[in-house]
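Welcome to this set of exercises. Have the sequence and the 3D view ready, and try each task yourself before you read its solution.

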Amino acid sequence: MLAPTVLWAQRTNEIFITIDLMDIENPTVNLTAEKLYFQGRSLGKDYEVELKFFNKIDPEASKQSITPRNAFFILIKEEKEKEYWPRLLEAKGKLHYLKTDFGRWKDEDDDDDVPNPMEGLDFSQVS
């Protein structure tokens, strides 16, 4: 079995995980307070990953969505309003398939109320 590319980002009270596979067939998902297990088939290849979390999440409050583009999870941290986790997984070390999702990442000291100055601008006429 192959390990799929897993993207992750976090906020104070939640973790975002994207399993980057297209056209997932026969997905198996097992989410507990300590880990996420995923297995599925994509484009004729079998994939499997088990992520043992750095800290506990609330599986009942968490959400998941499997679309033609990917499997996406919003995991609610058990200890809300605490500090950011220093890493996603319990074990230290770099895994080739685990990457930071910079599109969803926000640093601890980022202000959620600051509007994006580029939001709503139309760039279609720019050459």
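**Exercise 1. The largest pocket**

What volume does the largest pocket have?

*Solution.* Before we start, a word on the source: this is a predicted model, where local features need pLDDT of at least 70, side-chain atom pairs count only at pLDDT 80 or more, and totals for chains, interfaces and linings use all residues. Residues are numbered from 1 along each chain as its sequence is written, and side-chain values use heavy atoms, with hydrogens and water left out.

Step 1. A pocket is defined on a 1 Å grid over the protein atoms alone, as an open set of points where a 1.4 Å probe fits, with protein on both sides within 12 Å along at least five of seven lines. Grid points are joined across faces, edges and corners, and the volume is the space filled by probe spheres set on the points.

Step 2. For the largest pocket, the volume comes to about 200 Å³.

Step 3. Now find the lining, meaning residues with an atom within 4 Å of a point. Among the lining residues are Trp8, Arg87, Leu88, Lys94 and Leu98.

Step 4. Sort the lining by type: six residues are nonpolar, two polar and three charged. Here Ala, Val, Leu, Ile, Met, Phe, Trp, Tyr, Cys and Pro count as nonpolar, Asp, Glu, Lys and Arg as charged, and the others, Gly among them, as polar.

Step 5. Strand β8 (residues 98-100) gives the most to this lining, with three residues.

**Exercise 2. The elements of the chain**

Step 1. Next, look at contacts (heavy atoms within 4.5 Å). Among those between residues at least 6 apart in sequence, 57% join residues at least 24 apart.

**Exercise 3. The nonpolar core**

Which residues have the most contacts inside the largest nonpolar core?

*Solution.* Step 1. "Buried" means under 20% relative accessible area, "exposed" over 50%, and "partly exposed" in between (1.4 Å probe, protein chains only). Of the 127 residues of the protein, 31% count as buried.

Step 1. A nonpolar core joins buried Ala, Val, Leu, Ile, Met, Phe, Trp, Tyr and Cys residues through side-chain atoms within 4.5 Å. The largest one holds 23 residues, and Val6, Ile17, Ile19, Leu51, Phe53, Leu75 and Leu88 have the most contacts inside it. Strands β1, β2, β3, β4, β5 and β7 each supply at least two residues of this core.

Step 2. Take Leu88 as an example. Apart from neighbours within four places in sequence, Leu88 touches Trp8, Ile15, Ile17, Lys52, Phe53, Phe54 and Leu98.

**Exercise 4. Aromatic pairs**

Why is the pair of Trp8 and Trp105 called edge-to-face?

*Solution.* Step 1. Rings of Phe, Tyr and Trp (its six-membered ring) pair if their centres lie within 6.5 Å; planes under 30 degrees apart are stacked, over 60 edge-to-face, and the rest tilted. The structure holds three such pairs.

Step 1. The ring centres of Trp8 and Trp105 are 5.3 Å apart and their planes stand at 90°, so this pair is edge-to-face. Because Trp8 sits in strand β1 and Trp105 in the segment after β8, the pair ties together parts 97 residues apart in sequence.

Step 2. Compare accessibility: Trp8 is buried at 9%, and Trp105 is partly exposed at 26%.

Step 3. Phe16 and Phe72 form a stacked pair, 6.2 Å centre to centre with 10° between the planes. Phe16 belongs to strand β2 and Phe72 to strand β7, 56 residues apart, and both are buried.

Note on methods. Helix = DSSP H or I, 4+ residues; strand = E, 2+ residues; numbered from the N terminus.
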